[in-house]
Amino acid sequence: MQELNQSTVAEFILMGFASNPRTNPLLFTFFLVFYLLILVSNSLLITLIHQDTRLHTPMYFFISVLSMLDMCYTTTTVPQMLVHILSKKRAISFARCVAQMYLFLLFGTTEYCLFSIMSVDRYVAICHPLRYKVIMSPWVCLLMVGICAAYGVLGGLCFTFFAMRLFYCGPNEIDHYFCEVPAVLKLACADISLNDLVNIITGFNVIVVPLSLIVLVYINIFFTIMKIRSAQGRIKAFSTCASHITVVSMFAIPCSITYLSPGSDSLSNNGKKMALFYNIATAFLNPVIYSLRNKDVKNAFLKLVGRGRAPE
């Protein structure tokens with residue numbers, strides 16, 4: 001086993017996207033605007049949920065946690081990417097690469113676990129509405145978030161430890177805009193078959209298991225909704241789940257492709273595009289999806305802007 005301090009590579013070079021003096025300012029502006037919108041929209045959603053007592057429910061509590069994770073998740077990669085777009089030097093130290101990889105995986109795994117918890121919340125709300133407040137008590141919600149955080153810590157450690165224990169002797173150019181596990185593994189001067197196995201096992205536990213829970217939960221929700229006699233009631237029940245299903249699909253598909261494939265072959269230029277999707281696009285779309293389709297959030301915003309004159 002090679003220890004971290006035995007690596008001959010002191011730093012990595014993040015290749016990012018094609019460097020072009022003409023297009024770099026446009027690329028920088030594009031990602032900067034997206035990043036600022038992510039921060040503003042998610043911060044606004046958290047503020048609305050905190051300020052409006054009508055939004056003090058388990059569902060909105062989980063949405064506020066999701067928004068916080070989205071901001072942390074993107075902040076681990078986007079600011080550095082913005083600096084590298086305008087900089088000639090795109091180096092990142094070995095220690096910073098390890099830290100970035102771990103934090104990215106920690107927040108990402110926690111968020112993925114949170115999606116499964118949110119599906120359970122919808123199941124209880126639709127299938128057991130009379131017991132909803134009793135089952136989804138504040139302490140239960142906090143416990144669920146704590147479990148997701150522990151899941152993220154362990155998942156991040158597994159991925160990062162087995163990736164960075166390898167011997168890296170050069171080349172040191174990572175074909176990515178941040179230190180993501182499959183891209184870094186390409187540079188290992190050692191057999192990565194064990195890493196491929198560990199990544200598949202860990203990926204199964206942090207991706208497939210939560211996704212399977214989500215699927216099973218929504219199958220039960222579907223059969224419960226179909227028992228509702230009123231067509232309007234069925235539509236209303238389906239609409240409460242549509243936002244969550246959309247967000248999960250956008251996050252799960254590219255993540256599964258990236259982390260459930262062998263490390264040496266899973267990332268290419270298309271891999272960078274997929275990473276942009278689940279790292280930046282979903283963080284931008286989450287508050288949009290949860291707010292535009294939600295009258296409670298709209299009313300809370302009107303109340304905040306209009307100083308309480310919004311309709312109840």
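This report walks through a surface patch, a helix pair and the salt bridges of a predicted model.

## Ground rules

Residues are numbered from 1 along each chain as its sequence is written. Since the model is predicted, local features need pLDDT of at least 70 and side-chain atom pairs count only at pLDDT 80 or more, while totals for chains, interfaces and linings use all residues.

## A nonpolar patch

Val215, Leu216, Ile219, Phe222, Phe223, Met226 and Phe238 make up a nonpolar surface patch with about 660 Å² of accessible area together (Shrake-Rupley method, 1.4 Å probe, only the protein chains shown counting as cover). Patch members have over 30% relative accessible area and no salt bridge; nonpolar side chains (Val, Leu, Ile, Met, Phe, Trp, Tyr) are joined within 5 Å, like charges within 9 Å.

Helix H8 (residues 193-226) is the top contributor, with six residues; helices are DSSP runs of H or I, at least four residues, numbered from the N terminus.

## Two helices side by side

The axes of H1 (residues 24-51) and H3 (residues 78-86) come within 9 Å and cross at roughly 165 degrees. Axes are lines fitted to C-alpha atoms over the stretch in contact, with angles running from 0 to 180 degrees between N-to-C directions. H1 and H3 are therefore roughly antiparallel (over 145 degrees).

## Salt bridges

The count is two salt bridges, each needing a side-chain nitrogen of Lys or Arg within 4 Å of a carboxyl oxygen of Asp or Glu. Asp52 pairs with Arg54, the closest N and O atoms being 2.7 Å apart. For Asp121 and Arg122, the closest N and O atoms are 3.0 Å apart.

Notes:
Heavy atoms only, no water. Parallel < 35°, antiparallel > 145°, perpendicular 65-115°, else oblique.
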